[in-house]
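Here is a short report on one protein chain. Look at the model first, then read on.

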Amino acid sequence: MQNQAGNVAMKKILIVDDDVLFLEGLEKVLQTASTEVKAVETGNGALQEIESSQYHLCFLDLFLPDLNGVEVLNRIKKTSPQTKVIAMTAGVVTSNMQEIIEKDAYMFITKPLDLLQIRMLTRRILEESA
């Protein structure tokens, strides 16, 4: 979805999660006239997106079917250091995972998410990066 002025003011958001219903719900919440939202279900899909396009913000589930989410986080930060990554999970985070999240992620949140809070948080982050 692009606005009338083209892609100039568009903020790009990537959502990475293997739960299709969660992806669709979060995509709807974050889609606005000034955002372009892409949803992928795998770590490999996320890495392909990060390599092919510049994203302002990424919501990244830490438990993915194909790759370790922490490894995906690490690779996103190497490929696209300007992308703010919000790591998220409903699972248990080990101390090793926590160290990497604290180093590489912009923020860590646990599921289930409050969608209103996520919308407000996203707006604030995107305004900061303007």
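## Helix α2 and its neighbours

The buried residues of α2 pack against β1 (11–16), β2 (35–40) and α3 (69–79). Buried means under 20% relative accessible area, exposed over 50%, and partly exposed in between, with a 1.4 Å probe and protein chains only. Packing here rests on contacts, that is, heavy atoms within 4.5 Å. Helix α2 spans residues 43–52, and its buried residues are Gly43, Gly45, Ala46, Leu47, Glu49 and Ile50. An α-helix has 3.6 residues a turn, so residues three or four places apart point the same way.

At the start of α2, a side-chain oxygen of Thr42 comes to within 2.9 Å of the backbone nitrogen of Gly45.

## About the model

This is a predicted model: local features need pLDDT of at least 70, side-chain atom pairs count only at pLDDT 80 or more, and totals for chains, interfaces and linings use all residues. Residues are numbered from 1 along each chain as its sequence is written, and side-chain values use heavy atoms, leaving out hydrogens and water.

Ser53 sits in the loop between α2 and β3 (57–61). Is Ser53 buried or exposed? Ser53 is buried, because its relative accessible area is 18%. Its side chain makes a polar contact with the side chain of Lys12, at 2.4 Å. A polar contact is a pair of N or O atoms within 3.5 Å; within protein, one must be able to donate a hydrogen and the other to accept it, and residues adjacent in sequence count only if both atoms are side-chain atoms.

## Helix α3

In α3, the buried residues are Gly69, Val70, Val72, Leu73, Asn74, Ile76 and Lys77. Their cover includes α2, β3, β4 (84–89) and α4 (95–104). At the start of α3, a side-chain oxygen of Asn68 reaches to within 2.7 Å of the backbone nitrogen of Val70.

## The whole chain

The chain has five helices and five strands. From the N terminus, the order is β-α-β-α-β-α-β-α-β-α. Helices (H or I, at least four residues) and strands (E, at least two) are DSSP runs, numbered from the N terminus.

Buried residues make up 45% of the 130 residues. Take the contacts between residues at least 6 apart in sequence: 63% of them join residues at least 24 apart. The C-alpha atoms fill a box of roughly 45 × 30 × 25 Å, taken along the principal axes.
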